[in-house]
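Subject: Structure handover

Hello,

The structure is below for your files. My notes on it follow.

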Amino acid sequence: MLTHENLLVRRPHAGVMVAVPTLASILDIYRVRRMVEGQALRGALPGHPATDIMRDAVATAERARDAQDWRAAGTANMEFHRGIVALCDSEHLDRLYATVSAELRLAFGLLANPEYLHAPYVARNARILELTLGGDSAAAAAELDDYLVQSERTVAAAYSRRTAPEAT
């Protein structure tokens, strides 16, 4: 099942190992995220129960940021985005996002500094939540799109640094 979800790779005569995302898979993950999460926010209703997931995740991330616990902030960030997808009320999208989220964590592992990855997004998640609760779903979706572009560039750059040939 984990190989089917692209989390493990089976190599003949070498065994099974944790998958390392390719640049193409990273870009594809972000394409899926923009489509699913953006649409979820555009159709969001301010009182939707999933906003409680988002609210709790923002509060957890803010506490983690204040404690300089960037791994916990990253976990809260993933929960925030799970809350966005939950706005769709779709079990299929929830399962799809669980797979995308697991692959995304592998891509996040390419960054040596979790603060660099997560710090900029704590306040941005709070802003997206504020816009969603205020009923400005179009602005929330636009903020998320900018956010995902920045995150994609950060992760893709980390991938490029990791795979760049050593200078001699």
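Buried here means under 20% relative accessible area, exposed over 50%, and partly exposed in between, with a 1.4 Å probe and protein chains only. This is a predicted model, so local features need pLDDT of at least 70 and side-chain atom pairs count only at pLDDT 80 or more, while totals for chains, interfaces and linings use all residues. Residues are numbered from 1 along each chain as its sequence is written, and side-chain values use heavy atoms, with hydrogens and water left out.

Helices (H or I, at least four residues) and strands (E, at least two) are DSSP runs numbered from the N terminus. The protein chain has two strands and six helices, in the order β-β-α-α-α-α-α-α. Of its 168 residues, 41% are buried.

In helix 1, the buried residues are Ile-26, Ile-29, Tyr-30, Arg-33, Val-36, Glu-37, Gly-38, Ala-40 and Leu-41. Helix 1 has 20 residues and reaches 28 Å from first C-alpha to last, close to the 28 Å expected at 1.5 Å a residue (1.5 Å times one less than the number of residues).

A nonpolar core is a set of buried Ala, Val, Leu, Ile, Met, Phe, Trp, Tyr and Cys residues joined through side-chain atoms within 4.5 Å. The largest one has 33 residues, and Leu-41, Phe-80 and Val-155 touch the most other members. Helix 6 (137-163) is among the elements that give it two or more residues, and its eight residues are the largest share.

Neighbours within four places aside, Phe-80 is in contact (heavy atoms within 4.5 Å) with Met-54, Ala-57, Val-58, Asn-125, Ile-128 and Leu-129.

Regards
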